[in-house]
Amino acid sequence: MVKEVTTNSEGLATGISYINKVDRKEYALKAKTVVLAASACSSARILLNSKSSQHPNGLGNGSDMIGRYLHDSTGSSRTFFIPDLMNRKTYNEDGVGGMHIYSPWWLDNKKLDFPRGYHIEVWGGLNMPSYGFGFGASDLNKYIGGTVGGYGDKLREDVKKFYGSVMGVSGRGECIARKDNYCEIDPTTVDEWGIPVLRFNYTWSDHERKQARHMHNTFEEIMYNVGGVALGEKPGAEKDYGLLNPGRIIHEVGTTRMGNDPRTSVVNQYQQMHEVKNVFVVDGGPFVSQADKNPTWTILALSWRTSEHIINQVKQQNI
Ligand SMILES: Cc1cc2nc3c(=O)[nH]c(=O)nc-3n(C[C@H](O)[C@H](O)[C@H](O)COP(=O)(O)OP(=O)(O)OC[C@H]3O[C@@H](n4cnc5c(N)ncnc54)[C@H](O)[C@@H]3O)c2cc1C
């Protein structure tokens, strides 16, 4: 478990120190170049924990930008019952799970009250029917004038009737990266290895709330057009329009943002730290923004560019 990046008197990286999970002791590894790929929050944590006289605010954090602009995708969902899918033919398979439809943003933001956009993922299929508190196959009878509840043949008939007739839609959107959404070192808590952990300061703004409200209106439009019936309540303002808590869509990025200006960014276009030229960050940390789509392909593409840059820089003896 990496604890920190070690540095020399010039403030350059000399390697890392880590806790061996077997004997729980701390060891050092020497390196000419350090590449962090511990995920956006973990790399920020390692850097913020790497304090020295040259880097009193954490490694390469003279700008105080590390940990800031943390952002995750937005997410909100709705479920429908589709009467036309009742009594459908069943197959010995579960159907498609979380399907992404390739749908570039289709609306004109000038006519909307929020920036950027979102996509919609569709799910459903022949999942195992359930019965009991919360949701059961028989509950759907209330939408078609039938009787809810029952055992034996009635329940078996209900399960067959409603099997595969429920689908859901999940919006995943771009949120606006903000400086005041950040993670920082928690001064009072360490993990089981004795390494200080992160704490998080993150709120949604009206950009995301209005986007989620729009998502739900779109969900209902889709539902109406497929002849569906919405299940559950449409979440309103009091519930932030169903926005899941930040971090729930697990696309956290932005903590070591990329840029040309060392005062407002942590790494350059090669994901090389402005203040420590032999340290690179190749996870989602350098993202300045994140479109509504999932981040991993872009993380890979940027890492590739960084790898080529490191080889060139080593050949030129710059690092
Ligand atoms: C359930 C789930 C589903 C997802 N689905 C998708 C998807 O469909 N498409 C998509 O694009 N993205 C998806 N994501 C997001 C995607 O997984 C991440 O964006 C991506 O894995 C980030 O890559 P990474 O290399 O930066 O970090 P990670 O894949 O998290 O790798 C970081 C590694 O560093 C290790 N590490 C962390 N800290 C330390 C330390 N201090 N010392 C030593 N090692 C350390 C971790 O154990 C881990 O192995 C999903 C995420 C989750 C959780």
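Two strands pair if DSSP finds at least two bridges between them. The model described here is predicted.

By that criterion, strand E9 (residues 182–190) pairs with strand E10 (residues 196–201). The pairing is antiparallel and runs over five bridges. Within it, Val-190 stands opposite Pro-196 of E10. E9 and E10 form a hairpin with five residues between the strands. In this hairpin, Gly-194 takes a positive phi near 85°.

An open sheet is built from five strands. Their order is E6-E7-E8-E5-E11, and the pairing is antiparallel. Strand E6 (99–100) and strand E11 (229–231) are the edge strands, and each pairs on one side only. E11 pairs with strand E5 (residues 74–81) over three bridges, in the antiparallel sense. Thr-79 has Leu-231, in E11, as its bridge partner. Helix H3 (residues 206–225) packs on the sheet. This helix touches E5, strand E7 (118–123), strand E8 (166–173) and E11. The direction of H3 makes about 20° with that of E5.

Notes
Residues are numbered from 1 along each chain as its sequence is written. This is a predicted model: local features need pLDDT of at least 70, side-chain atom pairs count only at pLDDT 80 or more; totals for chains, interfaces and linings use all residues. Helices (H or I, at least four residues) and strands (E, at least two) are DSSP runs, numbered from the N terminus. Two residues are in contact if their C-beta atoms, placed from the backbone, lie within 7 Å. Axes are lines fitted to C-alpha atoms, for helices over the stretch in contact, and angles run from 0 to 180 degrees between N-to-C directions.
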